[in-house]
Amino acid sequence: MDAKTATNTNGSITVGNKNWDFPVYKGTIGPDVLDIAKLYGESGMFTYDPGFTSTASCESKITYIDGDEGILLYRGYPIEQLAEHGDFLETCYLLLYGELPTPSQKADFDYRVTRHTMVHEQMSRFFQGFRRDAHPMAVMTGSIGALSAFYHDSTDIADPTQRMIASLRMIAKVPTLAAMAYKYSVGQPFVYPKNDLDYASNFLRMCYAVPTEEYKPNPVLARAMDRIFILHADHEQNASTSTVRLAGSSGANPFACIAAGCACLWGPAHGGANEAALNMLAEIGTVDRIPEFVRRAKDKNDSYRLMGFGHRVYKNYDPRAKIMQKTCHEVLAELGIKDDPLLDVAMELEKIALHDEYFIEKKLYPNIDFYSGITLKAMGFPTTMFTVLFAVARTVGWIAQWKEMIEDPKQKIGRPRQLYTGATQRDYTPISRRK
Ligand code: SDX
């Protein structure tokens, strides 16, 4: 794993009249890092970086983001090229193995994933336990974690064969669970996967087919779904990926780690933003109400934020948002949706925000969640399913990052420290003496 190169310069930290030197490492691209692993042992001090804005938690070869330039690379390949020329399972292979597959490798990978798409028949009983109006992300978090109760032959993380089988099972079964969560929420029977369909078409059919008639996936919508999966597949050390890595560092089984990532993704500041962004556009309703919401987003005393805008890393346009906007127009055109009022509000909101000095100064641009909601709504998904679709796509990224961590001989359990500002030591007072 160790591909970082020690630079011949040392970094140093000086506190008062004390000074400590630490090695500086250079990656292939991106910022150098100061290795402060020995800081506490040598100085008795911790670094303090809530939200990890300046902290590299690991070394990785999977995804690179240049937030200032709006660049996203999966194993070195620009997201624009992968979304344009490849398909989602090719991206899965690339993220897992590090190289684009040859034709025979691609055919074999597709075959292996396709033949893991069914879930254990008893999984369907889990769904009966949920209320029909349960949020699908609650169902997904529960059912992905439950996979570890069925596949005991792929939970030994020390065995590379079991790791790969667990990886294939999750890439293959998460869409099936997602479609089951949707069908359960609308009171329709579950639809089994079909091996003669590609990944995205299979997923759309499991969501929208009914026993009473043949379902023929729309190729334009299937291509759009596949591209949406590619755009959401991985994104460096984001909150949910960091959750998966931390869970995995304790040796937890892969299904439990991915369930932890799914729970984290649900938050509206992260993967829940696509649902929140569409709800925001609906709340704004009409173009003339945009200024009121932009004012609130700029008001320091108002915690309101424009959902779908801003990003911890991108201080330029999220490259995925541009592709998402193009896909949005393709889907609306294919479905003959001419004047979607939400799209009108989104386009006008984007125009206003990109010319507003607050958003320019704080480098707030639309992110991937800004246009995905409009697209997914047009495709027939309820807003509560938007983050589920994000989880379907991100499962491969979580797994690739988990696998990289497990296979790193230097990995150890993650255990951050703290700045303690609580009570100093004091003695217990019996309740009889408390006033
Ligand atoms: C995803 O990490 C990833 O890679 C995530 C993701 C992935 O693929 O995994 O890309 C997916 O989660 C995309 C982001 C989706 N979330 C949203 O769209 C929710 C709305 N966005 C914000 O909540 C916010 O922008 C975050 C959470 C995304 C980032 O939060 P940060 O790191 O606090 O943002 P920042 O430090 O860059 O903010 C700079 C300033 C702050 O003001 P000051 O404290 O400096 O005065 O801009 C403000 C923020 O308050 N700001 C916003 C804003 N986002 C940031 N103000 C109004 N509206 C917003 N949307």
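Contact here means heavy atoms within 4.5 Å. With that in hand, here's a quick tour of this predicted model, beginning with Gln 162, which sits in helix α7. Leaving aside neighbours within four places in sequence, Gln 162 is in contact with His 152, Asp 153, Ser 154, Thr 155 and Asp 156.

- Gln 162 has a relative accessible area of 16%, so it counts as buried, the cut-off being under 20%.
- A polar atom of the Gln 162 side chain lies 2.9 Å from the backbone nitrogen of Asp 156, and Asp 156 is also one of the residues on the contact list of Gln 162.
- Ile 157 is found in the loop between α6 (136-146) and α7, and it is buried too, with a relative accessible area of 19%.
- Setting aside residues up to four places away in sequence, Ile 157 touches Arg 163, Gly 251, Ala 252, Asn 253, Pro 254, Trp 402 and Ile 406.
- Take Gly 251 from that set: it is 94 residues from Ile 157 along the chain, yet their C-alpha atoms are separated by 7.2 Å.

**Helix α8**

- Helix α8 runs over residues 199-208 and is mostly covered, with nine of its 10 residues buried.
- The buried ones are Tyr 199, Ala 200, Ser 201, Asn 202, Phe 203, Leu 204, Arg 205, Met 206 and Cys 207.
- Their packing partners are α3 (88-97), α4 (103-114), α7 (160-186), α9 (219-231) and α18 (386-406).
- At the start of α8, Asp 198 brings a side-chain oxygen to within 3.1 Å of the backbone nitrogen of Ala 200.

**The second largest pocket**

- This pocket has a volume of about 260 Å³.
- It is lined by 22 residues, and the closest to its centre are Leu 89, Leu 197, Asp 198, Tyr 199 and Ala 200.
- α8 gives the most to the lining, with five residues.
- α3, α4, α7, α8 and α9 each supply at least two lining residues.

**Salt bridges**

- Side chains of opposite charge can pair when their charged atoms come close.
- Across the whole structure, a search finds 20 salt bridges.
- Asp 356 and Lys 298 form one of them, with the closest N and O atoms 2.7 Å apart. Asp 356 lies in the loop between α15 (341-354) and α16 (357-361) while Lys 298 is in helix α13 (residues 290-298), so the pair ties together parts that are 58 residues apart in sequence.
- In that pair, Asp 356 is buried at 9% relative accessible area, whereas Lys 298 is partly exposed at 27%.
- Asp 318 bridges to Arg 320, again with the closest N and O atoms 2.7 Å apart. Asp 318 is buried at 1% relative accessibility, and Arg 320 is buried at 2%.
- Glu 330 pairs with Lys 326, the closest N and O atoms being 3.3 Å apart. Because they are four residues apart in helix α14 (residues 319-334), about one helical turn separates Glu 330 and Lys 326.
- Glu 330 is partly exposed at 29% relative accessibility, and Lys 326 is partly exposed at 40%.
- Glu 330 and Lys 326 also belong to a salt-bridge network that links them with Glu 84 and Arg 227.

Definitions and conventions:
Residues are numbered from 1 along each chain as its sequence is written. This is a predicted model: local features need pLDDT of at least 70, side-chain atom pairs count only at pLDDT 80 or more; totals for chains, interfaces and linings use all residues. Side-chain values use heavy atoms; hydrogens and water are left out. Buried means under 20% relative accessible area, exposed over 50%, partly exposed in between (1.4 Å probe, protein chains only). A polar contact is a pair of N or O atoms within 3.5 Å; within protein, one must be able to donate a hydrogen and the other to accept it, and residues adjacent in sequence count only if both atoms are side-chain atoms. On a 1 Å grid over the protein atoms alone, a cavity is a set of points where a 1.4 Å probe fits but cannot get out, and a pocket is an open set with protein on both sides within 12 Å along at least five of seven lines; lining residues have an atom within 4 Å of a point. Grid points are joined across faces, edges and corners, and a volume is the space filled by probe spheres set on the points. A salt bridge is a side-chain nitrogen of Lys or Arg within 4 Å of a carboxyl oxygen of Asp or Glu.
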